[in-house]
Structures are given as C-alpha cells and as structure tokens.
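Here is a short briefing to read alongside the model. Please have the sequence and the 3D view open as you go.

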Amino acid sequence: MTVPDISLHDGTTIPQLGFGVFQVPAEDTAATVTKALEAGYRHIDTAQMYGNEAGVGEAIKASGIARDELYVTTKLNNSFHLPDDARREIDASLDKLGLDQVDLFLIHWPLPNKYGGDFVQTWRALIEAQEAGKTRSIGVSNFQPAHLERIVSETGVVPVVNQVEVHPFFANEDVRSANAKHGVLTEAWSPIAQGKVMDDDTIGEIASLVGRTPAQVTLRWHVQRGDIVFPKSMNADRMKQNFEIFDFELEPTHMSALDELDQGESGRMGPNPDTF
C-alpha cells in the first residue's frame, strides 16, 4: 500500500496519511510508534502537549528507517507563546525527538484570549525557526478563518497546513474554505470522531456495501476530499486497517451521504478555538 504525497505551497510534500500519538501514554509511545512504523506509516504527528515526543524519537532512532523517509510533525505548547519561550521550546522539542530538524512545526492553538491576543508574535517565532533550518515547514492548528487571515496579512507568510477538528459530524467547512482560499491544506484531527463513526447507521451501511470497516470508509471520505488524516490506535490490527484505505474509492452517492451527516457547530467534539 502506497500513501500519496501531497504538495505543500512551500515546495515540500507531506504524506496524506499519518499516525497520531494524541493520548498515547509516554511510557507506551516508543512501542506504539514502532508498531505503526512496522505497519508502514512514515508520517508521525506528535505535540509538546502530548508529553510523548521522547518516545517518538526513541522509536524513530530504533527503527533504522532513513530520516528522509520519515515525516515528523510536532506542535508548540500553549504555555510557550511568548517569542523567547517559543524559541527555547522549539529547541527542546528537537532535543526530545533526537532530530536536527522536524518536517513540520505548528502553533497548537491560537489562544485569542491569552497573551494579549497576539498570536502573530508566536507565528513570527515559527517563521524564524524555519529560516534557521529547525523545521522544513510551518503551519497552524485550530485556527479559525479570522486567525488565519490575521497572521497572513500581518506577516505575509502563509501556513502550509491548518490542523483542525474535522469528521463527518463536524465538517468544519468554513475553515476548510478559508484554508483553500490561502492555499493551506486541511489536516483533520479526530477524523473518526473519537470512534463515534462506528455507531452511525449511514456509515455502517456504506461499510457493508463496500466491504470495509466504518473507520476505513470515514478515512477514505477524508482522503477523497483532499484532507490529510492521522488516526490514532494502539492496536496493531486497527493500525493496519486504518492504513488500508488507498485500494478502494467511495462512489459520489456515498460521499454525499457522509457529507449530509454534518451537524454544524453542534457536531463539534473539541473546544471552540474562538474561546479556548
């Protein structure tokens, strides 16, 4: 199974499917990431907030996989938005991961009600890190259209991705449209709605028709919409199932049926970035 690479506007590429380590305990991270790498994943998504960067680094080092065959993303913790803090913690992430450079560094949350609402200063710190070669690409996470517009207009530097909550029950179309307007790719966190898709009748019916699991159908829906996804599982069999989504396609009627599950804001499962 080959995972497609998608071109980013800065001239780099990113694997469309990755492996997320949100809520993976630090003591289990190395073993979990090792299983993911053995299953074929080459894109790992972590964050300072998860507390498991060191485990990701341990698994990468032990894997023997060439660095240029791996794509590693991490994210700035909410307590480090001041420029000097951001500079220090970007270096700390590299140290924990055991890398000279990550492929993608993100601001985890805009925090519009913190730091005087000045998330632009934090974005400038990431720009500086990219210029210094500490990260190949820079992006954001959980940025609303107004947040995205502001950093682009004040710095002239456009994030390559915006990692936001997206799943069939919360399609987050306003953000996806804003991303597309700027040439920013959408990365979908919680792509299977924390497992909620398993209990949906519509998704279950489509899964039966195409001979796949509800999770596979949902991840395929994301992929055909152009989203980047990184499901998380600590189970080796489910890791493999989540990886096997590039050898089938959903019909337009199936895609439309999943589109119609969108509940708008009431379908959101995580915090609202305007107030978080």
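**A helix pair, a binding-site histidine and a proline**

Helix α7 passes helix α10 in a left-handed crossing. Please keep in mind that this is a predicted model.

**How α7 and α10 pack**

- Helix α7 covers residues 201-210 and helix α10 covers residues 252-259; they pack at an angle of about 160°, with their axes 10 Å apart.
- Because angles over 145 degrees count as roughly antiparallel, α7 is roughly antiparallel to α10.
- On the α7 side, the residues that meet α10 are Thr-202, Ile-203, Ile-206, Leu-209 and Val-210.
- Their partners in α10 are His-254, Ala-257 and Leu-258.
- Sorted by class, this contact has 6 nonpolar residues, 2 polar ones and no charged ones.

**His-108**

- An unreviewed UniProt entry places the feature "binding site" at His-108.
- You will find His-108 in the loop between β6 (102-107) and α4 (119-131).
- Is His-108 buried or exposed? His-108 counts as buried, because its relative accessibility is 5%, and the cut-off for buried is under 20%.
- Leaving aside neighbours within four places in sequence, His-108 is in contact with Ala-47, Met-49, Tyr-50, Lys-75, Leu-76, Asn-78, Ser-141 and Asn-142.

**Pro-25**

- Pro-25 sits in the loop between β3 (19-20) and α1 (26-39).
- With a relative accessibility of 29%, Pro-25 counts as partly exposed.
- Pro-25 and Trp-123 are 98 residues apart in sequence, and their C-alpha atoms are 29 Å apart in space.

Conventions. Residues are numbered from 1 along each chain as its sequence is written. This is a predicted model: local features need pLDDT of at least 70, side-chain atom pairs count only at pLDDT 80 or more; totals for chains, interfaces and linings use all residues. Side-chain values use heavy atoms; hydrogens and water are left out. UniProt positions are given in the numbering used here, feature names are shortened, and annotations may be inferred rather than shown by experiment. Helices (H or I, at least four residues) and strands (E, at least two) are DSSP runs, numbered from the N terminus. Buried means under 20% relative accessible area, exposed over 50%, partly exposed in between (1.4 Å probe, protein chains only). Contact means heavy atoms within 4.5 Å. Axes are lines fitted to C-alpha atoms, for helices over the stretch in contact, and angles run from 0 to 180 degrees between N-to-C directions. Angles under 35 degrees count as roughly parallel, over 145 as roughly antiparallel, 65 to 115 as roughly perpendicular and the rest as oblique. A crossing is left-handed if the near helix is turned anticlockwise from the far one by less than a right angle, and right-handed if clockwise. Ala, Val, Leu, Ile, Met, Phe, Trp, Tyr, Cys and Pro count as nonpolar, Asp, Glu, Lys and Arg as charged, and the others, Gly among them, as polar.
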